[in-house]
Amino acid sequence: MQPGELRRFNEDHAHYPGQVFLVLEVLDMDSDWTSQETSVTFLIDGKREFGWHGGLLEENSEMINEAR
């Protein structure tokens, strides 16, 4: 997952089913403090969400192919 990607949450996502979001920032986390490898900030529905677990976010969404 990279900044600038457009992604769509899976239809069964608890908070944002099927909604599109824009990845703003992906930060590597300090493994001495957390087991979370990356923290993601994204823009969805006019709001900035931050601190989401990158691995879980990637598993629960898909990148939108602009060529479709």
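Visitor: What is the strand order in the open sheet?
Guide: In this predicted model, where local features need pLDDT of at least 70, side-chain atom pairs count only at pLDDT 80 or more, and totals for chains, interfaces and linings use all residues, the open sheet has five strands in the order β4-β3-β2-β1-β5, with antiparallel pairing. Strands are DSSP runs of E with at least two residues, numbered from the N terminus, and two strands pair if DSSP finds at least two bridges between them. Residues are numbered from 1 along each chain as its sequence is written, and side-chain values use heavy atoms, with hydrogens and water left out.

Visitor: Which strands stand at the edges?
Guide: Those are β4 (47-53) and β5 (61-63), and each has a single partner strand, so one side of each is left without a neighbour in the sheet.

Visitor: Is Asp-45 buried or exposed?
Guide: Asp-45 counts as exposed because its relative accessibility is 57%, where buried means under 20% relative accessible area, exposed over 50%, and partly exposed in between (1.4 Å probe, protein chains only).

Visitor: Where is the place of Asp-45?
Guide: Asp-45 lies in the loop between β3 and β4, and its phi is near 50°, a positive value in a residue other than glycine.

Key:
Helix = DSSP H or I, 4+ residues; strand = E, 2+ residues; numbered from the N terminus.
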